[in-house]
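Here is a short report on how one protein chain is put together. Please keep the sequence and the 3D view open as you read.

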Amino acid sequence: MAPNSVVVTMEKPNNFSILQINASESCLFPEKEKATSPKQFTWFLLLKAYKFFACISWLASSLKSKLFSIKKRVSYSEIPQDEGLEPRNRGKLYRFIKAFLVISILALVMEVIAHFKKWNLNVLSPWEIQGLVHWSYMAWLSFRADYVAPLLIMLSKFCTVLFFIQSLDRLVLCVGCFWIKFKKLKPEINGDEYDVEDASSFPMVLVQIPMCNEREVYAQSIGAACQLDWPKDRILIQVLDDSSDANVQLLIKDEVSQWRQKGINIIYRHRLIRTGYKAGNLKSAMSCDYVQDYEFVAIFDADFQPNPDFLLQTVPHFRGNPDVGLVQARWSFVNKDENLLARLQNVNLCFHFEVEQQVNGYFLNFFGFNGTAGVWRIKALEDSGGWLERTTVEDMDIAVRAHLHGWKFVYLNDVKVLCELPESYEAYKKQQHRWHSGPMQLFRLCLPAIISSKISKWKKANLIFLFFLLRKLILPFYSFTLFCIILPLTMFIPEAELPLWVICYIPIFMSLLNILPAPKSFPFLVPYLLFENTMSVTKFNAMVSGLFQLGSAYEWVVTKKTGRSSESDLLAFAERESKSSNEEKILRRHSESGLELLGKLKEQEIKPKIKVKRNRVYRKELALAFLLLTAAARSLLSAHGVHFYFLMFQGLSFLVVGLDLIGEQVS
């Protein structure tokens, strides 16, 4: 067969030429080859069109599903919630955010109109103004340059200075922690160890477990306390039950009776009137006559599970140190990898224990008592005035008063006590509200006592400026003001624009320092930074309510537990022993009351599994989400770059939290 050929003829005879191309060289003209297969090209276009419409259909269905979920969530949020949840009156802060959002949206609309019509300040004559909107925009430009921008610049500089001071404090703490690690500094035990063969050489220790309706974790906490390695005649366990649920009381009583039958020195106490919350519970327990026979008291919340050697590692630090009033152990979390919320909490608490508590404990002999996993010298409690019911942070209150009376504290970073992190945003938010409103209440009450105390001026300055003002007041104030108020405002007032190092470089560096004690959390650096700014709304609101003694400052809600800590081998064994002992006890009774008790116990273990809970909608967070996204849209018009991305992702972070899409997901 003759090869294919193409003949090209030129019009001018002087430039006449013939070009012959063989079929093997036809690749020089790919267009020619494609033209020979129109069917394949048609199928290619159809395939692309199918993929395009399939993608559009998937996006539409996903958007519809999300909108339906949001609508359902909003409708559920109108259902009355349980006692202790967010009140219907959301306060002045929520109304302020809404008004700020409305003004920002109006400003954004005006900026969009000005952007497309290219209005500027070149208008020199009043008759050149084109319409009312144009006049309003020009009046706004003049007003913001003369009055708003100077005030905003002053406020931003003030917050930036506070930001620098707080960052310097964090940096000094990290340097101190590095020095402790580098030099391998640890608290030392004076004297010889206790004689195991002579039980009388061990001091008398009282163990207290305050609880209130802790259905999920009561058994594991009691079981862990009963297995502490200490002479049985030198230890007494008090189960301090404030439960209002009669069924929970029955369960706890039965658990205590089982351990008492095993030879454990344990008693059950229940208050009919729950006054003073946890402080009132501990105060009531310390008023018992037999407490005077004991020298030390160890306190564990209901979800804490100390190792059997806890007392052997903590109590010896009191020996030879009569001025030591408290020995505090570190918390360890059984569910730190359960979800994103737990991982972010783990970052904060690891920094708190690894850096703050350890540095303050070693160099200052003072830190805030964490309320649990600690051992107190009873004489120090009595000398400091005992437990008071005046704030919701009774642990910090007793620590400050003990410090003012000259008592020293010891922090043991190597002694860890297993506990549980809140897995739902609702529980975490309530916990943070109490932790940030209580210190402000305490600051108001303790300030006169601090000023008039006999401690050194350096200790007074540390208490007032570092312990209270810097770490409890300034941090939530500048975080909320700078990143949630000033930054969105600067998008509409470019004369007061924040530099990149304020909104990007230094926050990332500080977050990196916070994550160092938990290196496995390094991939969550950016989510941690965004979430901390998101939580600043709750912390700022709590700080204001505590400082000015508003109604929510005295709100106390027990942090909800899930009982995940019971998955450990030791406590699973204790639970199996408890169940077998319970069944044997009932079989020995051979009575109708025993069978009824067994039926009640089994019935109560089933009921919590079928309880229906719903996710909530948090309106303050949602309002701020739309505010930040509005500011992000304004920054997009000005091509701000990093400002736009920060505002967009921070707005999305508020949106996720506002829709309760972080943490434990409930149906």
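## The whole chain

This is a predicted model. The chain has 667 residues, and buried residues make up 49% of them. Its secondary structure comes to 19 helices and seven strands. Take the contacts between residues at least 6 apart in sequence: 80% of them join residues at least 24 apart.

How many disulfides are there? The count comes to zero. A disulfide is a covalent bond between the sulfur atoms of two cysteines. C212 has a relative accessible area of 8%, so C212 counts as buried. C419 is also buried, with a relative accessible area of 2%.

## The sheet

Strands of a sheet pair through backbone hydrogen bonds, either parallel or antiparallel. Here, seven strands form an open sheet with mixed pairing. Their order is β3-β2-β1-β4-β6-β5-β7. Which strands stand at the edges? They are β3 (266-270) and β7. Each has a single partner strand, so one side of each is left without a neighbour in the sheet. On average, neighbouring strands of this sheet are turned by 20 degrees against each other, direction ignored.

Strand β5 covers residues 324-333. Nine of its 10 residues are buried, so β5 is mostly covered. With β6, β5 pairs in the antiparallel sense over three bridges. In that pairing, V327 stands opposite V375 in β6. With β7, β5 pairs in the parallel sense over nine bridges. There, A329 stands opposite L412 in β7.

Helix α6 (residues 246-261) lies across β1 (205-211), β2 (235-241) and β3. Helix α6 runs at about 160 degrees to β3.

Start with helix α11, residues 394-404. Is α11 largely enclosed or exposed? In α11, 11 of the 11 residues are buried, so the helix is largely enclosed by the rest of the structure.

Seven of its 10 residues are buried, so α7 is largely enclosed by the rest of the structure. Those buried residues are K278, A279, G280, N281, L282, A285 and M286. Their cover includes β1, β2, β3, β4 (296-299), α10 and α11.

## Aromatic rings

The structure holds 28 aromatic pairs.

| Pair | Centre to centre | Angle between planes | Type |
|---|---|---|---|
| F163 and F483 | 6.2 Å | 85 degrees | edge-to-face |
| F483 and F646 | 5.9 Å | 45 degrees | tilted |

Where do these rings sit in the chain? F163 is in helix α4 (residues 131-183) and F483 is in helix α13 (residues 457-492). They are 320 residues apart, and their pair links distant parts of the chain. The pair of F483 and F646 links distant parts as well. F646 is in helix α19 (residues 642-658), 163 residues from F483.

F483 is at 4%, and so counts as buried. F646 is buried as well, with a relative accessible area of 11%.

Other rings gather in a group. F366, F367, F369, W376, F409, Y411, F443, F467 and F468 form one aromatic cluster. One of its members, F467, also has a charged neighbour: K472 lies over the face of F467, at 4.4 Å from the ring centre. Elsewhere, the charged end of R319 sits over the ring of Y194. That charged end is 4.7 Å from the ring's centre.

Key. Residues numbered from 1 in each chain as written. Predicted model: local features only at pLDDT ≥ 70, side-chain atom pairs only at ≥ 80, totals over all residues. Heavy atoms only, no water. Phe/Tyr/Trp six-rings, centres within 6.5 Å; stacked < 30°, edge-to-face > 60°. Helix = DSSP H or I, 4+ residues; strand = E, 2+ residues; numbered from the N terminus. Buried < 20%, exposed > 50% of the residue type's maximum accessible area, 1.4 Å probe, protein only. Lys NZ or Arg CZ within 6 Å of the ring centre and 35° of its normal. Disulfide = S-S within 2.5 Å. Pairing = 2+ DSSP bridges. Axes fitted to C-alpha atoms, helices over the stretch in contact; angles between N-to-C directions. Contact = heavy atoms within 4.5 Å.
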